[in-house]
Amino acid sequence: MIDAIAFQARARTIDHLGREQIADCPTAISELWKNSYDAYARAVHLHILDGEICTAALVDDGHGMSKHELLNKWLVLGTESKASGIEVPEPDRDGLSVRRRQGQKGIGRLSAAALGPLMLLVSKREQTPFVASMIDWRLFENPFLFLGDIKIPVVEFDSTTELLRLLDQMFDRLMGNIWGDNDDPGRNIRLADAWRKFDKLEECEGKPSTRSAIEDVLIKGGFTDRQLAHWPVWTGERPHGTAMIVADIAFDLRAQLSTGLPVSDEAAAESARDRLTNTLNNFTDPYAGDFIQPDVPKVHGEPVTVSGTTVDFAYGATAWEGALNRTIVSDVQEFATSNLEALEHVVDGWVDAAGVFRGRIKAFGKWLDEEVVIGTTAPMGVRSDSRVGPFGLRLATFEQELKSTTHDSAVHASLLKRSDLSAGFFVFRDGLRVMPYGREDNDFFEIERRRGMHAGREFWSIRRLFGRVALTMEGNPNLKDKAGREGFIDNKAAKVFRDVVENVLRVTARRFFGSDSSIRKQILPQLHADFDRQRAESAQKKLGATRRKNFRKNLDLFLPEIATIRGELEEMVEEARSNRLPEDEQGLLAYRARLEGLRERQSALNLGTAPSNLGALEKSYKEFRSNMGRSSDLVVQLRDSVSVAIDRVKPRSQSEVAHSELSRNASYLHARIRKWAAESRQLLAAESQRLGDLIEARNKAYHAATLPLLNSLDAGAISLSDLLRKLDIEKESQDHENERLFRSYVSTLQSLAENVDLESLVAFTLAENASNKEEIQRLNALAQLGITVEIVSHEIAGFDGAVRDGLKNLPDSVKNTSAYLAIKHGHDSLSERLRFLAPLKLSGERAGQWIGGGEIVKYVKELLESSLHSNGILLEHSDAFDRFQVFDQFARLLPVFINLVNNAIYWVARSDVAERKVVLDVAENRVFVCDNGPGVEPEDVGNLFSLFFTRKLRGGRGVGLYLCRANLAAAGHAIEYITNENMKRLPGANFAIAFNGARYE
């Protein structure tokens, strides 16, 4: 006999599916917010309230539920509405466009158990009464209860005033799940037996009684108008919605309140606060929408972006302590599309169904002109259950070191602070965040693992990456969430998706941003040089400002003093002039002591070095110098006069007078030395303390940065090899910073030890710098005129030759006419008088276009044909060069090739080779212009692209190669002279041009 037996579910099944499945409390909140989104809410908000029993209210304005829906959908797990994809009726959408349903399994509501044990659910559908239910999720922790024996109280009411009167009855009915009731005696027996067994089990395991905890909370209650007052449906502002009121809330929620937690829990509370804000911030895609900056290039006339999904859904969380409230989470985006676009490194585009990335790149603050295409490293899945569809990708970052960034110091400092709050690499599906991607503790795309292998090459770092992947449920149905919302189910599609994103991260790092990038190698030296220069200029400005401030202060203080000294000296001079000097020895010595006292007072009035530009201080400074000079003259006159008078009275003991003067002078010098010594010791003590603090901080810095890595090793989150690599990377970084900090100390102290007068050196340097700046400005103004003339002269030469050749080739019958003679005379006159003029660009920026190698060859041959022919030089060009294309301006690009070929003609014509030739070729994605002439001397290579550098004996002004590099750099291209013999195409001069965004077929 075969029995047919149905499954039976214990009550604990609900606990397994709900609280135990969800990753944590913040993730549970995000799931409930998504339920509000599925209910077509325009807004959802979490309110956390203090009290004897702390509570929380999660409220929305979705379409709400009737009693029938609560009983037949909300209280039924895995309902068909989630699985079948039935579209929400238009009246329930509240005027919103159709939303792709986020919930998939019909159990997301059970995550409410992670917020706290006791929940009051209140809902209101338009044109129907309120409906309310009360659940204590701890009932489902009893493994001895059957699910069918737990009864959930449900009530329906019309007025908001009715609910509070019904709460006591709901509490009693809920307590019936512990104490039993009069409806079912058999159930009462099963309940009593189940709780008796559970009490005994918990007692044996040393756990507190769940039954007592439920009774305690239910008896105390905790539901009042205070929680419902935050629900717009309760206040009459909205006609429909749902509220979940939770009592005895979880620690993660209580931690958001600043009171009520013991000091011992503060560290855990801080972690909980960070985790909640980190999880719930950016719940909707902050980077949706197209970039709107007008100077961003477009590919084929269209922006190469995937904007992502913008949703009309407000969210937030607030902590309440009495009437005092504090915002925890807000949908006001602190870092959004416009902020991301402004960063110096940006990747913006999409990945198609074949796994190919297409988009645009900004590197070191400049957008590349061309669309960037990154192919996939492995074939994509073709099976319907493993296929990965298209998705948008938008990410950005900035350089961590100030010396390497294109941002100014203020912006860079702001970005460092924002990294702690807003950085993360998120995944959004239909505009809503997929958990847990974007949290610092999640590295789904293994960014930090690759970075640990080679930080410079791999470049990207979670801690300073801003960005996201934008998916849609329709485009990627195979990327499904785990039951606990701990990421995607690890199926084939998830693996392919991760591989594709990692490939884009890896390729962009190596090609555009990391240490292997040619762009970084080209730009970084100049950035470092600019940084060093700016830092030196800043130090000079700071020092100059300090010196000017001290000078002004001293001038204000000393000007009245020197005027007083001068007045007293004038009085003494008048006394000497009127023969009123003392006539006795003691009187004259006292008179001389008075004079020396004034002289010592004068000597103490040291203003320091005057600023090069006195400005408003000039009048006062002139007055001070006048008084100082006059005082010095008067002192000299009076000293001579007093010395003569002393000799005349013949002192009785000259030795005594001399010793007395010596002692007085020594006392003066000793007093001055003591003053300087005291000031020096005070400054040295302060600086010694600062140096000691710096040494202590730097000694601790390495351990502070690396000890968490040891914890990660112990926890198995990182391998030993990765740890050792990270320790070495951190050591190098710390050593570089320490050298920068302490080298200046050592250098300064060495200078002092060698008696280098740093004060005079600084004063001289500042004065010299100010003088040099003025001279540079004058020379720059003069050079601008000279460069313009040189440029014009250089470019007009070709046109002048073309006109001259044209006139020369006219038939003799034309040459004999008066018109021809007039034209020739006019041309000769213009060539003579306007030798240095040529048509410059008179309008704004000219539009670029695709320029092919074949067009370049044709233009060069037409313009330089006579020169090539007369010198017996063959211009060769490869098929690869003919097929090469670059997007640029004719007026900017073609002069580069004209100049390079013209230079080659000049030098090849002066060589002894049997077959003279110039070659245009393509190799390794670079364009070569080379010849078999004598080449460039090794000592000249460093100056080759410098303005006015030339080795031509005649006709050379040293402008051509400088202009070549300038024209190419204006479009992001780069040129270099090849010195490696293995890379040369011909034995003479070889120039290689790396074109930005060129096509090589």
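**Starting with a helix**

Tutor: Let's begin with helix α10, residues 266–280. It has 15 residues and reaches 21 Å from its first C-alpha to its last, close to the 21 Å expected at 1.5 Å a residue. Keep in mind that this is a predicted model.

Student: Which residues of α10 are buried?
Tutor: Ala269, Ala272, Arg273, Leu276, Thr279 and Leu280.

Student: Why do they end up on the same side of α10?
Tutor: Because they cover an arc of only 145 degrees around the axis. As a rule, an α-helix has 3.6 residues a turn, so residues three or four places apart point the same way.

Student: What follows α10?
Tutor: Asparagine 282 follows, with a positive phi near 55 degrees.

Student: Let's zoom out. How many helices and strands does the protein chain have?
Tutor: There are 27 helices and 23 strands. The chain has 1001 residues, and 42% of them count as buried.

Student: What about contacts along the sequence?
Tutor: Take contacts between residues at least 6 apart in sequence. Of these, 73% join residues at least 24 apart.

Student: New topic: sheets. What is the order of the strands in the open sheet of 5?
Tutor: The order is β18-β20-β21-β23-β22, and the pairing is mixed. The edge strands are β18 (873–877) and β22 (974–977), and each pairs on one side only. On average, neighbouring strands of this sheet are turned by 15 degrees against each other, direction ignored.

Student: Which helix packs on the sheet?
Tutor: Helix α26, residues 890–908. It touches β18, β20 (916–923), β21 (926–931), β22 and β23. The direction of α26 makes about 25 degrees with that of β21.

Student: How many bridges join β22 to β23?
Tutor: 4 bridges, and the two strands run antiparallel. β23 covers residues 990–994. In this pairing, glutamate 976 stands opposite alanine 992.

Student: Now β9. Is it enclosed or open?
Tutor: Strand β9 (residues 345–351) has 6 of its 7 residues buried, so it is largely enclosed by the rest of the structure.

Student: Which strands does β9 pair with?
Tutor: One is β13 (residues 391–397), antiparallel over 7 bridges. There, valine 346 has alanine 396 as its bridge partner. Another is β10 (residues 357–363), antiparallel over 6 bridges. Aspartate 348 stands opposite arginine 360 in β10.

Student: How many residues sit between the strands in the hairpin of β9 and β10?
Tutor: There are 5. In that hairpin, glycine 355 takes a positive phi near 85 degrees.

Student: Last one: where does arginine 125 lie?
Tutor: In the loop between β3 (118–124) and β4 (130–136).

Student: Does that leave it buried or exposed?
Tutor: Arginine 125 counts as buried, because its relative accessibility is 14% and the cut-off is under 20%.

Student: What is arginine 125 in contact with?
Tutor: Leaving aside neighbours within four places in sequence, arginine 125 is in contact with His63, Gly64, Met65, Ser66, Glu69, Asp92, Pro239 and His240.

Definitions and conventions. Residues numbered from 1 in each chain as written. Predicted model: local features only at pLDDT ≥ 70, side-chain atom pairs only at ≥ 80, totals over all residues. Heavy atoms only, no water. Buried < 20%, exposed > 50% of the residue type's maximum accessible area, 1.4 Å probe, protein only. Contact = heavy atoms within 4.5 Å. Pairing = 2+ DSSP bridges. Axes fitted to C-alpha atoms, helices over the stretch in contact; angles between N-to-C directions. Expected span 1.5 Å × (residues − 1). Arc of directions from axis to C-beta.
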